[in-house]
Amino acid sequence: EVESGRKEKKMSLVWLEAALPLGIIGGMLCIMGNSQYYIHKAYHGRPKHIGHDEWDVAMERRDKKVVEKASAPSS
């Protein structure tokens with residue numbers, strides 16, 4: 001009975017062997033994602049637009065033209 005109690009105690013802590021590598025992997029994924037976010041934000045001055053497609057690019061070009069036209073001195 002004493003040996004089976006020891007085995008149960010050892011088996012109940014087996015998950016701890018996987019916790020450290022999983023924690024390291026998860027931490028590294030978080031670090032990589034956050035570093036990409038902050039590098040992009042530092043370079044472009046704003047967070048990355050998720051799901052940025054051709055329509056968004058066209059609307060940015062249109063908005064830029066409208067703003068330039070509105071700020072240009074009228075003749």
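1. A word on terms before the surface comes up: a nonpolar patch is built from residues with over 30% relative accessible area and no salt bridge, whose nonpolar side chains are joined within 5 Å. Please also keep in mind that this is a predicted model.

2. Starting with the overall fold, the chain has 3 helices and 0 strands. Read from the N terminus, its elements run α-α-α.

3. Helix α2 deserves a look. This helix takes in residues 15-44, 30 residues in total, and spans 43 Å from first to last C-alpha, close to the expected 44 Å. Just after α2 comes Gly45, with a positive phi of about 80°.

4. An unreviewed UniProt entry annotates residues 12-31 as "transmembrane region". In the model, that stretch is 90% helix and 0% strand, and its end C-alpha atoms lie 31 Å apart.

5. Of its 75 residues, 1% are buried.

6. Which residues make the nonpolar surface patch of about 840 Å²? They are Leu20, Leu22, Ile24, Ile25, Met28, Leu29, Ile31 and Met32. As background, residues three or four places apart in an α-helix point the same way, because there are 3.6 residues a turn.

7. Finally, take Met32, a member of that patch that sits in helix α2. Is Met32 buried, exposed or partly exposed? Its relative accessibility is 47%, so Met32 counts as partly exposed.

How values were computed. Residues numbered from 1 in each chain as written. Predicted model: local features only at pLDDT ≥ 70, side-chain atom pairs only at ≥ 80, totals over all residues. Heavy atoms only, no water. UniProt positions renumbered as here; feature names shortened; annotations may be inferred. Helix = DSSP H or I, 4+ residues; strand = E, 2+ residues; numbered from the N terminus. Expected span 1.5 Å × (residues − 1). Buried < 20%, exposed > 50% of the residue type's maximum accessible area, 1.4 Å probe, protein only. Patch = residues over 30% accessible without salt bridge, like charges linked within 9 Å, V, L, I, M, F, W, Y side chains within 5 Å. Areas by Shrake-Rupley, 256 points an atom, 1.4 Å probe, with all protein chains shown as cover. Salt bridge = Lys/Arg side-chain N within 4 Å of Asp/Glu carboxyl O.
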